[in-house]
Amino acid sequence: MPTLVQWRPSARAGRPGTSHAVPQALARPRAPPCPAGALVAATITGGLVAGLFTGFAYGVMPALRRVDDDTFVRVMRRINEVIPNPWFLLPFLGTPLLAALAAATHLTSGGGTALPWPLAGLALSLTTVAVTGAVNVPLNTALAATGGTASTARRAFERRWTRANVVRSVTATAAVACLALGLALD
């Protein structure tokens, strides 16, 4: 049988002086949940990143596959010039920071069933950043510096960049799924 405690509602509850027996589990305050704000923000920013990378995977790169080498190199150089801006960098770098904040706050409040999901979202969003920094950015830099023919530049760039983009599309999308599961369980 559960332990019972006496509970007295405040005068504002409408019945001053009355008492009711309630189960101990209901009387004990619950540990504060993972801050919804950080987890919601991480999920939204992660969705923006996943949307951008998957849009490149299923729209931009297949369209560029159909153009000549000069056009491909010119367009990718222009994209690479404009993409590192605050509208991109804030969600791109903000997702792992917000996921870390949500997981850390959840850890300090006693954990719970939702805790593994923000941690998984954090790991996956960090993987997205790592793939971008290790593969896509160096390829972008090399493409910008290429002085040879467009055909040679494209051959050195397109396949590796596209494969890495698919990887980061999957990791970014999986991060959003994990963060959303954390929200659902929190």
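Predicted model: local features only at pLDDT ≥ 70, side-chain atom pairs only at ≥ 80, totals over all residues.

Reader: At what angle do H2 and H4 pack, and which residues meet?

Author: H2 and H4 (residues 86–108) pack at about 140°, with axes 8 Å apart; axes are lines fitted to C-alpha atoms, for helices over the stretch in contact, and angles run from 0 to 180 degrees between N-to-C directions. Among the H2 residues in this contact (heavy atoms within 4.5 Å) are Ala38, Ala42, Gly46, Val49 and Phe53, and those of H4 include Phe88, Pro91, Gly94, Leu98 and Ala102. By class, the contact holds 15 nonpolar, four polar and no charged residues. Here Ala, Val, Leu, Ile, Met, Phe, Trp, Tyr, Cys and Pro count as nonpolar, Asp, Glu, Lys and Arg as charged, and the others, Gly among them, as polar.

Reader: How many helices and strands does the chain have, and how do you know what counts as one?

Author: The protein chain comes to six helices and two strands, in the order β-β-α-α-α-α-α-α from the N terminus. Both are DSSP runs numbered from the N terminus: helices are H or I with at least four residues, strands E with at least two.

Reader: Why is H2 called roughly antiparallel to H6?

Author: The axes of H2 and H6 come within 8 Å and cross at roughly 150°. That makes H2 roughly antiparallel to H6, because angles over 145 degrees receive this name, with those under 35 being roughly parallel, 65 to 115 roughly perpendicular and the rest oblique. H2 passes H6 in a left-handed crossing. The contact has 18 nonpolar, nine polar and two charged residues.

Reader: What makes H5 roughly antiparallel to H6?

Author: The axes of H5 (residues 116–145) and H6 (residues 150–185) cross at roughly 165° and come within 8 Å. The angle therefore makes H5 roughly antiparallel to H6. Their crossing is left-handed, and the contact divides into 21 nonpolar, 10 polar and two charged residues. Within H6 lies Arg160, which touches Val135 and Leu139 when residues up to four places away are not counted.

Reader: Is Phe157 buried or exposed, and how do you know?

Author: Phe157 has 2% relative accessibility and therefore counts as buried, since buried means under 20% relative accessible area, exposed over 50% and partly exposed in between, with a 1.4 Å probe and protein chains only. Phe157 is placed in H6. Neighbours within four places aside, Phe157 is in contact with Phe72, Met76, Asn80, Leu139, Asn140 and Leu143. Its C-alpha atom is 9.2 Å from that of Val73, 84 residues apart along the chain.

Reader: Why is Val75 called partly exposed?

Author: The relative accessible area of Val75 is 29%, so this residue of the model is partly exposed. Val75 belongs to H3, and its C-alpha atom is 8.4 Å from that of Leu64, 11 residues apart in sequence. Of the 186 residues of the chain, 35% count as buried.

Reader: Which residues touch the most other members of the largest nonpolar core, and what makes it a core?

Author: Of its 13 residues, Met61, Phe72, Val73, Met76, Leu143, Phe157 and Trp161 touch the most other members. H2 (36–64), H3 (69–82), H5 and H6 each supply at least two residues. The set is called a nonpolar core because it consists of buried Ala, Val, Leu, Ile, Met, Phe, Trp, Tyr and Cys residues joined through side-chain atoms within 4.5 Å. Met61 touches Phe56, Phe72, Met76, Trp161 and Thr162, residues up to four places away not being counted.

Technical notes: Residues numbered from 1 in each chain as written. Heavy atoms only, no water. Left-handed = near helix turned anticlockwise from the far one by under 90°.
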